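Dear colleague,

I am passing on the structure below, and after it you will find notes on what turned up in it. Please read them with the model open beside you.

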Amino acid sequence: MSENNWLHGFRHSSPYINAHRGRTVVLVLAGEAVASDNLLNIIHDITLLSSLGIRLVVAFGARPQIQSQLENAGHATEFANGLRITKEADLPLVMEAVGSMRSWLESRLSMGLVNSPMHGARIRVSSGNFVTARPAGVLEGIDHGYTGRVRRIDAEGIERLLALGHIVLMPPQGYSPTGDVFNLSYEDVGSQTAAALKAEKLIVFTDDAGVLDEDGSLIREMTVRQALAKVAEQVISGHDADLLRAACDACVKGVRRAHIISYDKDGALLEELFTRDGSGTLVSDDNYEQIRRARVEDIGGILGLIQPLEDQGILVRRSREMLETEIERFVVAERDGMIVGCAALYAWADEGAGELSCFAVDPGYRRSGRGDEILAMIERMARAEGLVRLFVLTTQTEHWFRERGFEPTAVQSLPGPKLAVYNATRNSKVFVKTLD
């Protein structure tokens, strides 16, 4: 990477660093991820996130390790309803495999070699009996033995450790009030932990780039509704379906976003957190990306969005002071905390007219319908104010507006106060749309 590209990437990651600092992120590592050649890089990235003040919980699985232990001991493995049947004779081997995985992860998170990314990190790692579990019981006539389900997460206990700066490890085990140990699904542990902590993000590692569609292409983002529909229609099945269900369950219970990313791709975790579009599949509730009324705290984002267009002469220049006094006129498109579009409505109620002004969409998000969504909200606002027509002045985007029902009109048709300040040197064309 060239020096300029490195500087550009580093500087543009700062909004995400600020947004994530002090927030809780739950990472979910399958047993296959722990055995991946890329695990050391993931460990380094976890260390970096911790040093940036992100509160981390790591839920891990141990399915291949448990399978190996059982096979070495000559124990047959049975599955039913997508779950391993854990017999009483299997339980010591399951506990041994999980305990070994926990110790191994703790050792990797404790590294501090000179000339390595973990030098001086001094990571504190904690674990404990944070999961109260219950038996899965008899399903379709089959007793699942010591395979269990999450009953409750000790969120208060985990929060205390996070407040001390610890990374909390969550093994796929739970305990009952009667002292029994249960073998749990690591996806369930991760999802339920994220929900109990009201985590900002749940990030699940898988062997693919994310969730793949029928044609093998990466699905970049889905709402909970879309994800569950794909599972119900069996467009997505198997382990991917299990991961999606866990992600959806977390989002339904209050986690803002869930991400499914590759454990084999170096840097996938950092890319997912510190770039706008991430690296894998995003699952979100309906509020992840929203068109809404602007607030004072959006002014910096609006300025960053419109300044390049002002420099090109496409938009009239606006100062921060002007935005502060007129912010209630603006709507914004917000994506993951970033302003990616904006527009303003100026009303002349006496003439039943409104001006669509300062209309901008980030170049990376054009041709994806966001401009139409912003326009639709402006039109709803105009109708709510009793306006019957909407006009816009433009120098370069007349075709976009004409395709959306705007018709060319004479400058003299502008409302009197707007006509009085019309800048003839810009020679803007005027288009108007009658509102139903």
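**Helix packing**

Helix H7 (residues 186-197) and helix H9 (residues 238-252) have axes that come within 8 Å and cross at roughly 15°, where helices (H or I, at least four residues) and strands (E, at least two) are DSSP runs numbered from the N terminus, and where axes are lines fitted to C-alpha atoms, for helices over the stretch in contact, with angles running from 0 to 180 degrees between N-to-C directions. H7 is therefore roughly parallel to H9, given that angles under 35 degrees count as roughly parallel, over 145 as roughly antiparallel, 65 to 115 as roughly perpendicular and the rest as oblique. Before going further, please note that this is a predicted model, in which local features need pLDDT of at least 70 and side-chain atom pairs count only at pLDDT 80 or more, while totals for chains, interfaces and linings use all residues. Residues are numbered from 1 along each chain as its sequence is written, and side-chain values use heavy atoms, with hydrogens and water left out.

On the H7 side the contact (heavy atoms within 4.5 Å) involves Tyr186, Glu187, Ser191 and Gln192, which meet His239, Asp242, Leu243, Ala246, Asp249 and Ala250 in H9. By class, the residues of this contact of H7 with H9 are four nonpolar, three polar and three charged, with Ala, Val, Leu, Ile, Met, Phe, Trp, Tyr, Cys and Pro counted as nonpolar, Asp, Glu, Lys and Arg as charged, and the others, Gly among them, as polar.

Helix H4 (residues 63-72) packs against helix H5 (residues 91-109) at an angle of about 135°, their axes being 9 Å apart, and the two are therefore oblique to each other. The crossing of H4 and H5 is right-handed. Gln65, Ile66, Gln69 and Leu70 in H4 meet Leu93, Val94, Glu96, Ala97, Val98 and Met101 in H5, and this contact of H4 with H5 has seven nonpolar, two polar and one charged residues.

**Aromatic pairs**

Searching the whole structure gives six aromatic pairs, that is, rings of Phe, Tyr and Trp (its six-membered ring) with centres within 6.5 Å, counted as stacked when the planes are under 30 degrees apart, edge-to-face when over 60 and tilted for the rest. Among them, Phe359 and Trp400 are edge-to-face, at 5.5 Å centre to centre and 75° between the planes. Because Phe359 lies in strand E20 (residues 353-361) and Trp400 in helix H14 (residues 398-402), the pair ties together parts that are 41 residues apart in sequence. Phe359 counts as buried at 18% relative accessibility, whereas Trp400 is partly exposed at 25% (buried means under 20% relative accessible area, exposed over 50% and partly exposed in between, with a 1.4 Å probe and protein chains only). Phe401 and Phe406 also form an edge-to-face pair, with 5.3 Å centre to centre and 75° between the planes, and both residues are buried. Ring pairs link Phe359, Trp400, Phe401 and Phe406 into a cluster.

**The chain overall, and one serine**

The protein chain has 15 helices and 23 strands, and 49% of its 436 residues count as buried. Ser50, in helix H3 (residues 39-51), is buried at 18% relative accessibility and, leaving aside residues up to four places away in sequence, touches Leu56, Ile123 and Ile167.

Technical notes
Left-handed = near helix turned anticlockwise from the far one by under 90°.
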